[in-house]
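Thanks for making time this morning. Please bring the model up on your screens, and I will talk through it briefly.

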Amino acid sequence: MKLLVVIVNYRVTQLAIDCLHSVAKEIASVPGIHVAVCENGSGDGSAELLRRAIDDNGWSSWCMLKALDVNLGFTGGNNAILRPALESADKPEYFLLLNSDTIVRPNAFKTLVDFMDTNPQVGIAGSRLEDPDGTPQRSAFRFQTPLGEFEGSLKLGLVSKLLSRWVVAPPVVDHAFETDWVSGASMIVRRETMEATGLLDEGYFTYFDDIDYCFNARKQGWPTWYVPASRVVHLVGQSTGVNNKPKRLPSYLLEARRRHFLKNHGAFYAAMVDICRIAGLSLWRLRVILTGKEDNTPPQHLFDSIRHSVFFKGFKVTDVKNPALTS
């Protein structure tokens, strides 16, 4: 098997089927491609709808469905496919994690595979994500730092210019380059990289898993690249309800953030990151009050950031609670 594309669906079944329609057009572009869909415990008849779509459209020769009883999050849903694939006799050369709320542009898969074939030292590569009209989304990032968290929270032009080296999401460029991490919405991983790094960390449930994975792959000697010639439409946040409209952030996102910094950087670094984030958000709130500037941050963002900081939640690395199991 050359490439295994893994798609996890949770209550966006029609989007997942639309994604598969776009994937079907690309199957012939990469010999030895296979697609595995994980129906992640939606509990709404999604498994049957997906199974019917696969059968009715004649996709069963290259697409299989695995249905879970409980939502295991992005990490657990992907691992339900990745684990047996890594243990199989026919291990894929590459794994491609693809969001269910995406539409694959022509040759997106072939471009990533060709890039990885040509650059054997690269462990992970990400596509250019874009809106349906072709507007690019920022999908190549720097690792978060205290100064980067301060800049991203304050959002003041002069400060952003002074701290440009630490901006987490730099402007989009049109050429391939090495980056710290890429979005897990369309991310190819070399088999040797996954064998060295391991599966996705299920302690995250959802969010920060792609940052964590790229961070730990780099520690194993496998860098990450951004390959904009591979283009994928991303309908942002459809699977989780977190998108461009201001909406209160779910606790599992903020808990995943805390876990990432404690696990990968330690207590002091996590404390500095939280201090800078809270300071930036506090100054932002002051700007909104004094100038009447429109507040486009999520509701109760400052309060939630304080509540989920290491100063309130502690310095112990803990798993993010699975809301499907705790509700």
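I will begin with the chain as a whole and then turn to one serine.

This is a predicted model, in which local features need pLDDT of at least 70 and side-chain atom pairs count only at pLDDT 80 or more, while totals for chains, interfaces and linings use all residues. Residues are numbered from 1 along each chain as its sequence is written, and side-chain values use heavy atoms, with hydrogens and water left out.

The protein chain has 13 helices and eleven strands, where helices (H or I, at least four residues) and strands (E, at least two) are DSSP runs numbered from the N terminus. Its radius of gyration is 20 Å, close to the 20 Å that the globule rule gives for 327 residues, so the chain is as compact as a globular protein of that length; the radius is taken over C-alpha atoms, and the rule is 2.2 Å times the number of residues to the power 0.38. Of the 327 residues, 54% are buried, meaning under 20% relative accessible area with a 1.4 Å probe, protein chains only.

Now to Ser 186, which lies in strand S10, residues 186-190. Is Ser 186 buried or exposed? Ser 186 is buried, its relative accessible area being 1%. Its side chain makes a polar contact with the side chain of Ser 127 at 2.8 Å, a polar contact being a pair of N or O atoms within 3.5 Å, where, within protein, one must be able to donate a hydrogen and the other to accept it, and residues adjacent in sequence count only if both atoms are side-chain atoms. Leaving aside neighbours within four places in sequence, Ser 186 is in contact (heavy atoms within 4.5 Å) with residues including Leu 96, Leu 112, Ser 127 and Val 232.

Note on methods. Buried < 20%, exposed > 50% of the residue type's maximum accessible area, 1.4 Å probe, protein only.
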